[in-house]
Amino acid sequence: MTTRRRGWDIAGLLRSDLVLVAAALTASGLGALLVHSATRTEAGSAYLVRHLLNLTIGVVIALVVVRLDRSMLRALAPVVYLAGILGLVLVLTPLGVEVNGSRSWIRVPGGFSLQPSELAKVGLCVALPMLLAPAAERRQRPRPREILLAGLVTGVPVLLVMAQPDLGSALVLVALALGVLVISGAAWPWLLAVLVAGVTAVVTAFTTPLLSPYQRDRLTAFLDPGTDPQGIGYQTRQVRAAISEGGWGGQGLYSGELTSAGAIPFQETDFVFSVAGEELGFVGAAFVIGLLGLIVARIALAGTRSVDPFVQLVCWGVAAWFAVQSVENIGMNLGLVPVTGLPLPFLSYGGSSMFACWAAVGIVIVVTTEHRGRPGLQTRARELAREYRI
């Protein structure tokens, strides 16, 4: 008799939504090429190696998450949420590192830094469904007490992120919460209240000294790029020029004039989409958009197919997160929205974003594959015990 070993459950990962996994891997691999193109002139292969290392760690995180079952994930939701809150608090202490007017990172050994707001997104994706799923399981709308508690759970990380300040991540958290509330069946006055709260936060950020001068310059440059021709205005004009000069087919990978010249600051993070536009053209940029759209669609479809309210809420929370963040990033590359410093999911350089995105993929796989019949760890252990008469 041969003994089967579960190992890292790579088979479990592959038995899940192959389209989702393949699309996420393709986006991450394409991101490695775009990041390398944007940084090779000044840094050689350093950013490429670190991006691939981040991808490897991200996939390992997904594999670890896949080893959980749905009940364990639900039980760990408060822990993940509180870990994100703790990180957001620590980033406001002397442990935090300020970059471009935003205190959003914590430096860790080895020259790396972590951005707790990314973990907060993961925490909110599991904490809100844990709070709101019981009402749907009772076939009822969420009660006012449950919605108010969900609002509190959302408001704490949003306020902490705004204190950094990081307007882009705060908007993503609000959109994520709104998406979960919509699917939970919350009455429209509550949804309107969340929307008003989000708009109020944005208006407050614009009309008070909350934002740093650097971030205010970004907003001003969006309204009038000519107001800072050597700073943010220069950056946004260069990004648009790179995308427009790509034409239909692009100038060729590693052949973009502006990208090769290093003419776009932070191109490997905020503006990696401009590399695709210049070097791969309209076709390549459309492929990136289609790839991200496919990821969002597969996650949303998985939630739609499930009859389990917790699964539905988790999937739509992750889908809202990826969709809004992708629209914000691509929109600021195209000059349609202000520059907020949000990375493009799976493609931009940055460990925290990569880890969070792959953790979210692992969470989606856990809740959806178990629903289709994949046993959790405890169920699998009982099956093995019966099979081998332990």
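Mentor: Helix α4 kinks by about 40 degrees at leucine 76, shortly before proline 78. The bend at a residue is the angle between axes fitted to the seven residues ending there and the seven starting there. Helix α4 covers residues 70-90, 21 residues in total. From first C-alpha to last it reaches 30 Å, close to the 30 Å expected at 1.5 Å a residue; the expected span is 1.5 Å times one less than the number of residues. Helices are DSSP runs (H or I, at least four residues), numbered from the N terminus. The buried residues of α4 are Arg70, Leu73, Ala77, Tyr81, Gly84, Ile85, Gly87 and Leu88. Buried means under 20% relative accessible area, with a 1.4 Å probe and protein chains only.

This is a predicted model: local features need pLDDT of at least 70, side-chain atom pairs count only at 80 or more, and totals for chains, interfaces and linings use all residues. Residues are numbered from 1 along each chain as its sequence is written, and side-chain values use heavy atoms, without hydrogens or water. pLDDT is the predictor's confidence in each residue, from 0 to 100. The protein chain has a mean of 84, and 82% of its residues reach 70 or more. Over residues 371-390 pLDDT is below 50. Where pLDDT is low, the predicted coordinates should not be read in detail.

Now helix α3, residues 46-66, which holds asparagine 54. Asparagine 54 counts as buried because its relative accessibility is 4%. Leaving out residues up to four places away in sequence, asparagine 54 touches Tyr349, Gly350, Gly351, Met354 and Phe355. Contact means heavy atoms within 4.5 Å.

Terms used: Helices (H or I, at least four residues) and strands (E, at least two) are DSSP runs, numbered from the N terminus. Buried means under 20% relative accessible area, exposed over 50%, partly exposed in between (1.4 Å probe, protein chains only).
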